[in-house]
Amino acid sequence: MKTCFLIILPLALMSTLFSPPTDAAEVGCATTNCHAGLMTIVPEELPMMQRIRQEGQLHGDPDGCVVCHGGNPKATTKEKAHQGIPASMKEVLGPKEYYPDPGSIWISDKSCGQCHPGYTYRAKRSLMNTEAGTIQGNLHTWGLEEVAHHNVPWGNYDLVDDDGPVPLFTVSSKTYKKYMRTLLRLFPKQFPSQLKQVPKPTLSEVKNDPKRAALTYQRQECQRCHIGVKGRKKRGDYRGMGCSACHIPYSNEGYYEGDDKTINKKERGHLLKHRIVGNRKTGGIPVENCNSCHNRGKRIGVSFQGLMEFPYGSPYDKEGKTQPKLHTKSYLFISDDLHHQMDQSREGNPVAGLLCQDCHTTIGMHGDGNIHGTTLAQVEIECSDCHGTPEKYPWELPIGFNDEFGRKLTGKARGLSKKRLIDDINFGYPYNARDGYLLTSRGNPFGNVVKDKKKVILHSATGLDFTVPVLKNIAKKNTWKNIDAQTSMASIPGHIEKMECYTCHASWAPQCYGCHVKVDYSKDKTGKQHAALDWVASGSRNTKSGQTAESTHGAKGILIPGKITEKRSYLRWEDPLLGINGEGRISPLMPGCQVAYTVIDKDGKTLAHNVIAQSRDESTAQTQKRIPLAIDMAPVQPHTAQRKARPCESCHANAKVAGLGIGGGSFGLKQSRDIVEELVDATTGEVIPSRYSLQIPGIPDLLFDWSQIVTRDGIQLATVGTHWPMSRPFNKEELDRFLRAGTCIGCHRYMGKMDVWKRVQVKGGMTQKGHEALMGRMLKKAAKNGFLK
């Protein structure tokens with residue numbers, strides 16, 4: 001790792017020690033007949049472009065293309081130009097091969113890494129490349145023993161944390177490193193020191209143990225989104241690899257709209273234009289870039305835009321056609337996240353909302369050099385980092401607030417930072433610190449969020465500046481929008497202490513109940529065995545040019561036996577369930593992997609039929625007779641926050657939200673049985689016709705609805721989160737309090753109205769007896785005055 005920090009120094013020195021050639025006749029890749037008209041990778045006036053041109057001169061290419069792409073700038077044919085640097089130029093620093101996509105994670109240390117040292121090392125170990133959490137979560141729901149007890153043994157590729165458990169110096173503060181050392185000590189399984197590649201199952205292994213078909217499912221369907229491959233070639237899924245996956249925009253349609261005549265404008269799968277995005281200087285990363293991956297699993301990307309998949313494709317367009325498929329799905333618009341919504345406050349002109357990168361930090365995106373086993377391990381931000389609480393400004397909160405993982409925090413106020421994380425003009429955008437940069441919950445400075453007296457200013461990569469609503473300012477000025485907001489945040493401190501902010505503000509979440517997976521290893525109609533693209537194997541076969549087995553146009557990649565078919569039971573979006581997340585706070589839940597699997601062998605024989613695994617590693621499995629099923633209801637930050645939060649009664653008077661199932665668990669009670677819809681004898685239930693078909697096959701172990709995770713007595717029925725030991729449903733005591741509160745809302749919503757609340761105080765304080773006496777007096781008075789008629 002140390003060598004990568006030495007590259008940037010000679011390059012910078014060379015730019016100043018050598019004067020660039022001034023021969024007007026000298027031309028480069030973009031000024032020849034080959035790539036004439038090609039847009040510069042960043043605007044011409046930026047120092048980055050000037051530096052690229054200077055370095056290009058040293059390589060014999062005044063356009064600077066070879067600085068990133070490599071190749072031979074002296075060649076006169078395409079074939080020779082797109083080969084490695086000739087022997088006569090080997091002493092020149094920079095790429096030695098030709099890289100069609102310089103951002104490819106397999107070679108980006110030699111291209112992007114020249115100016116951004118360490119990023120490739122970090123990105124390879126980040127969740128965007130390993131998908132370790134996705135692998136662990138899905139395979140747990142199939143019942144694979146290797147991932148039980150929160151173990152994270154596998155990723156997309158073999159990886160080792162070479163630099164040890166202390167995060168890289170260049171991307172973390174001393175406070176952050178100290179904080180992360182504590183987390184690593186407390187939760188070693190969530191921060192593995194190495195990963196092995198997720199195995200490829202053999203047909204004999206699957207025959208002996210059908211749940212091993214999960215590995216085929218994983219490699220075919222779940223791993224296409226990591227940055228080691230280019231991704232699925234479908235509308236909305238086009239993207240680059242590695243750094244290019246985020247920093248080079250691709251449109252949903254996948255067409256090139258630049259002026260390089262060598263790129264086919266009628267062919268899908270090309271970048272939109274030859275332009276890097278990343279900050280206010282170059283333009284921010286569009287939300288849609290993120291959605292080429294974040295449209296499955298927890299679906300936070302499309303949810304942020306207000307979209308939820310649905311099966312119908314309505315309404316019709318003018319030609320009578322249904323929606324074009326996006327990410328292979330049709331969508332329904334619900335309501336986009338308030339951070340994404342258009343702001344109508346500026347003279348009535350709509351202004352775009354925030355980008356994903358405006359909140360998510362470089363560590364959240366690129367990682368910190370450690371291997372993270374789950375999202376909560378890598379993401380370092382919390383809502384309170386910018387909004388604070390009604391009692392404290394963000395800079396008054398201790399490090400770790402909202403990120404406690406069950407710990408009691410006793411630290412001092414976190415304060416501010418006068419410096420950015422990487423205080424270099426070449427990285428990010430050097431915003432004025434004003435009073436100081438705000439810190440994340442783990443102690444790193446936000447490079448774009450600053451304190452200005454009692455205000456918090458967020459500088460967006462869009463070029464806009466936003467004044468953040470600060471809760472303490474609202475509480476001081478008593479400018480709450482409604483009494484529910486004041487009651488829930490200011491009058492009941494337990495909400496701030498025990499709940500995630502988005503528990504109330506995320507008023508909807510996509511809920512895909514029941515994931516029915518069939519893995520079919522038999523032959524198709526032509527006699528060939530079913531097979532499909534293996535994303536892990538295809539990414540593993542990468543060349544010196546950074547290309548993988550599936551990344552070039554027309555490439556089919558490496559196949560793995562088996563055909564995957566997926567179905568679901570039903571969809572919902574309203575009233576997400578609540579439970580306890582990995583940090584120990586009350587959080588929304590949504591169906592994670594709720595797998596019922598069917599496996600067909602190579603001879604067409606059914607090896608497993610509608611099987612749901614058990615979750616014997618759940619902590620409650622050790623304390624209750626009933627072993628929970630492995631179908632997962634996952635804690636989630638839905639990214640669907642609304643200005644108007646969920647009303648109190650939507651949770652406290654709702655059995656589904658409590659985890660008891662839609663209708664309090666009264667539906668879906670016959671899913672374990674085969675359902676025959678035919679003429680039957682009403683007295684015996686016997687089917688009258690001798691020839692009939694089974695209408696709905698049963699799922700033997702599903703004795704309750706997909707939406708239920710716990711009984712009213714606190715017996716856990718299903719898994720709640722697979723990654724952290726603290727995640728679980730409400731227990732009986734919590735359910736009693738949670739649902740009893742529904743009867744209390746009528747009075748307690750007025751706790752914010754102190755002029756009202758003071759009049760109902762009871763001598764000796766609000767004891768149980770005092771509470772009963774007060775309620776009795778209120779009831780008698782209501783009856784006397786005729787309020788109960």
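Buried means under 20% relative accessible area, exposed means over 50%, and partly exposed lies in between (1.4 Å probe, protein chains only). Helices (H or I, at least four residues) and strands (E, at least two) are DSSP runs, numbered from the N terminus.

This is a predicted model, in which local features need pLDDT of at least 70 and side-chain atom pairs count only at pLDDT 80 or more, while totals for chains, interfaces and linings use all residues. Residues are numbered from 1 along each chain as its sequence is written, and side-chain values use heavy atoms, with hydrogens and water left out.

**Helix 19**

Helix 19 covers residues 483-491. Its buried residues are Ala485, Gln486, Thr487, Ser488, Met489 and Ser491. At the start of helix 19, Asn482 places a side-chain oxygen within 3.2 Å of the backbone nitrogen of Asp484.

Four strands form an open sheet in the order 14-15-18-19, with mixed pairing. Two strands pair if DSSP finds at least two bridges between them. Strand 14 (577-580) and strand 19 (718-719) are the edge strands, and each pairs on one side only. Strand 15 (residues 586-591) pairs with strand 18 (residues 629-635) in the antiparallel sense, over three bridges. Leu589 stands opposite Pro635 in strand 18.

**Aromatic pairs**

Rings of Phe, Tyr and Trp (its six-membered ring) pair if their centres lie within 6.5 Å; planes under 30 degrees apart count as stacked, over 60 as edge-to-face and the rest as tilted. The count comes to eleven aromatic pairs. The rings of Trp142 and Tyr597 have centres 4.7 Å apart and planes at 15°, so this pair is stacked. Trp142 lies in helix 7 (residues 132-142) and Tyr597 in strand 16 (residues 595-600), so the pair ties together parts 455 residues apart in sequence. Trp142 and Tyr597 also join Tyr217 in a cluster linked by ring pairs.

Phe405 and Trp724 have ring centres 4.8 Å apart and planes at 40°, so the pair is tilted. Phe405 is in the loop between helix 17 (384-387) and strand 6 (436-439), and Trp724 is in the loop between strand 19 and helix 25 (732-740), 319 residues apart.

How buried are these four residues?

| Residue | Relative accessibility | Class |
|---|---|---|
| Trp142 | 0% | buried |
| Tyr597 | 6% | buried |
| Phe405 | 4% | buried |
| Trp724 | 4% | buried |

**Charges over rings**

A charge sits over a ring if NZ of Lys or CZ of Arg is within 6 Å of the ring centre and within 35 degrees of the ring normal. The charged end of Arg122 sits over the ring of Tyr119, 4.6 Å from its centre. Arg125 lies over the face of Tyr121, 3.7 Å from the ring centre.

Notes. Polar contact = N/O pair within 3.5 Å; in protein donor to acceptor, adjacent residues only side chain to side chain.
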